[in-house]
Amino acid sequence: MAESFANVFLEILRELLVEETKFLLSVGGDVDKVEGDLRSMHALLIKADRDKRDSPTLKLYTSQLKDLAFKAENLLETYAVEVQSKREGWKSLKDKLQRYICIICECYSVHQVGNEARDIISTLADLTSKLESELGQECSSLMKQDDERNRLLRQTYAHEVEPHFVGMERDIELLVSMVKDVKRPRVVKIYGMGGLGKTTLARKVYNHRDLQSYARAWVCITQQFQPKPVFVNMLKQLCSSNVKIDGLDVDDLVRRIHGLLGGRECLIVIDDIWEDVHWEIIKNALPVDCNVILTTRSGNIANQQSEPHKLKFLTEDEGWALLQKVADFSPVDEDLKLFEHIGREIVSKCEGLPLSICVIGGILHQKEHTLLEWKKVNMNMESYLRHGEGVEEYRRVKQVLELSYDALPYYLKPCFLYLACFPEDHKIDTERLYLLWMAEGFISYQDKGPNETLKDVAQRYLTELAMRCMVQLHKSQVYSTLHKNFDSCGLHDLMHDLCSSKAEEEKFVKRIDASKYLCGIPSPRLALPPSVRNSISRLAINYDLEKSASSINGLEELNHLRSFMLLRKGSFLGSQIVLKENSINFEKSKCLRIFVVEGCEFEGGMLPSKVSELIHLRYLSLMLSNVRELPKSICSMTYLQILDLRVSPLIVLRLPNVIWKMKRLKHLFLSRRIELIGEEKLRLEGLEELETLESISSETTCIEDIPKLVSLQSVYVRVYDVESLSIVLSNKNSQLRETHLVVESCDLSSQKNREVLNEGLMSPSLVTMWFFKCNMSGNFPYYKQGMCQNLVYLGLFDCEGVVEVMGIGKYPMLQRLELRKVEMRGTLIFLSNSFPQLKKLYLSDMQDLKKWEVEERALSKLTFLSIDSCCNLKKLPDGLRLISTLQEIKIRSMSSEFMERVKEEDYAPFVKIMRSPTKNLIFFPE
């Protein structure tokens, strides 16, 4: 809805008009007026969002507000940069004398900017008044009729019969047993994505034969929640028909219901509840021992009082069974296999969502059951799910999912629509997504809590989208930390369709698939369609091409572009898109905020010269591009917050030593291979807002600057000397959350250097650590209490010295351990209760390893084991059979004796052996 985007523009106006204007112009009275108008407009827009108000007039005002916000942003930032550049030039006496002459010119600039700012302030006040008038009008009778019709269409009843029911038998039995078990929580919350069958499941439980003696009531809430009708409905179902209810107020109704249910076996189903505040109102009428089943799309409802039951998608077998029932399909035996192959393809495209399977099944039901008809439906699945065949009922898939979108609070809607930048079935990197949201201005400073960053707020936003079943989160496969439990997210295909259609409808972002717009032989080029050349503010191009594209035609015609993203699908290896010096007319898009050109090829390996003039830029990403050198003028991008210079690993990136001048920089990602132009090491001192620093090396960077970065939260650093190691590990910065450390070719053999290492291992921020070719000349580690308390990933590779696994086994959070070419003495023993969190273990090229024992309760969470080239190890330890979590074992380049023993011993009844000419693999599949 329009008001959700308006709030983003309000955040821009608030920050710029209040903060920047106060600083630059000192117009205190005007600032107070702006703050008041912004608060009024914010309250009005929240009201519009809460009441689900939308209209052409409201959209018009939102468009005007957007233009106003962008105008204010550009005006004030441009002025600030001009003033700053002049003031930074006062170095010599001559400069100071010239400065007095420039004051007159600067005063004129201040006066000019002040007038334009006051025009913006006046327009803002006028917009506030218009918006207040628009929202103050009573809803028309037609709008009220539409609302009532929509409410009735969504109303559910306990007596409805679901003719096609598949799966969920276990869910039903579990939920019925939970209702009957008086020792379990009384409130059960069934939640999941729209169309999964939450209401169907609740109805099956409600009508279960074992619960017929219970006092029961079924109420449907919907988004238009009104307490009195809900309580009246509930009371009518619980008491006899001759009881008078008319005239009772809400308090009377609550008391009556509470009195009727007290001391009785009862079950109340509250279907389709959307907000926690609705539950807080309803629960006042229910005794503490009353059984309640909630159905909702939000995992945040009744969190403290309920036991959650998340509904899963159907399996392929369940989906195929449902499709046959709905389509009324019962072919003769010889045709079954032919239809089943197509049917399972259809089910796969529905991704286990019962609603979409029912829609397609309904279409097939109306058709003749021939292979040709089924193939036609299969080929046009997307069209059928979106539009049906022109029949109203087939639009219900989109309508059901749209309810979830409409229920989003205003601050989440732009975040959700931004996911339309990415293609279907794409795993979206969450860290990059947070940065994009921040650069766009979607994350509100007002939502920051104590000691929180904007990235923390962005993570909360994404978690809330997941709790509302709009987004699917994927846990990290490598490791998780206190501040990072998932590393990617995605959308169900139907949710992606909704996201894309809404983004297109709101003119929020335009995404194109480059493979559909290639032309020219033998040198293909990407030609943007005419529709893209219309007025758009965000453009995302997804590409994964078989051949490189020599150019992009049409970009130069775009005006007022604020975000340009060239995003490669899948692997970054292979073909590229060439960006020429004049591919984008930066004069027409001076206000570009985001310039993400990942994996692209620049002419001559140089960034277009005009990029450095984009003073409003917030996010610049050259990830895996061919840029070989950055110009010194890069530091002129005063407002840049995110700089990603992780170019192709084959390239040595030449850098001017000017990054320290970019005072607003918050997130810096460097290439592993950099070379400084003119000076020895990269300076970082002065970057007081920097939160993320990755990847730096003691060979090319001033490591002593790290403790001076007062806002630093995460650092990834490679050190080659003990002094640098000491600086990194002794950093006392209280803001630092995560240190990722690579120690290479360091001599840690002396007592002094070992003490440096052991003291450093006490650092609470240390989360990952790798040692390569280090001389430890003794036992590692010398364990003491509190060491490596947050370490999740440890690797030792080709190091001298004896590894003491018993000490490592005491690290409380270690999830991944890799040992390669390290020395072991005697039997490798994993003691009982050691490695309590370890999930992945890699042992490679350990020639001293002859015997291995795993005691009971050791490695209690191990899921994966890899053994490679440990030639003297005779057998796997018997204790592995006691680890119930173990899912997979990979064995490579081991002796024939070892492999024979593995085959002879019974590690699990589901062992699967795979062979290849170069290696032997054994899997414990999930």
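Me: What share of the residues in the protein chain is buried?
Reply: In this predicted model, 54% of the 926 residues are buried. The accessible surface of the chain comes to about 42,500 Å², and carbon and sulfur atoms hold 49% of that area.

Me: How many helices and strands are there in the chain?
Reply: The chain has 24 helices and 37 strands. As for contacts with a separation of 6 or more, 66% join residues 24 or more positions apart.

Me: How should I read a nonpolar core, and which residues have the most contacts inside the largest one?
Reply: In soluble globular proteins, nonpolar side chains tend to be buried together. Here the largest nonpolar core has 124 residues, and Phe 564, Phe 595, Ile 659, Phe 771 and Trp 852 have the most contacts inside it. Helix H21, residues 722–729, supplies the largest share of this core, with five residues.

Me: How do I read burial along a helix, and which residues of H7 are buried?
Reply: An α-helix has 3.6 residues a turn, so residues three or four places apart point the same way. Helix H7, residues 198–206, is mostly covered, with seven of its nine residues buried. The buried residues in H7 are Lys 198, Thr 200, Leu 201, Ala 202, Arg 203, Val 205 and Tyr 206.

Technical notes
Residues are numbered from 1 along each chain as its sequence is written. This is a predicted model: local features need pLDDT of at least 70, side-chain atom pairs count only at pLDDT 80 or more; totals for chains, interfaces and linings use all residues. Side-chain values use heavy atoms; hydrogens and water are left out. A nonpolar core is a set of buried Ala, Val, Leu, Ile, Met, Phe, Trp, Tyr and Cys residues joined through side-chain atoms within 4.5 Å. Buried means under 20% relative accessible area, exposed over 50%, partly exposed in between (1.4 Å probe, protein chains only). Helices (H or I, at least four residues) and strands (E, at least two) are DSSP runs, numbered from the N terminus. Contact means heavy atoms within 4.5 Å. Accessible areas come from the Shrake-Rupley method with a 1.4 Å probe; for residues, only the protein chains shown count as cover.
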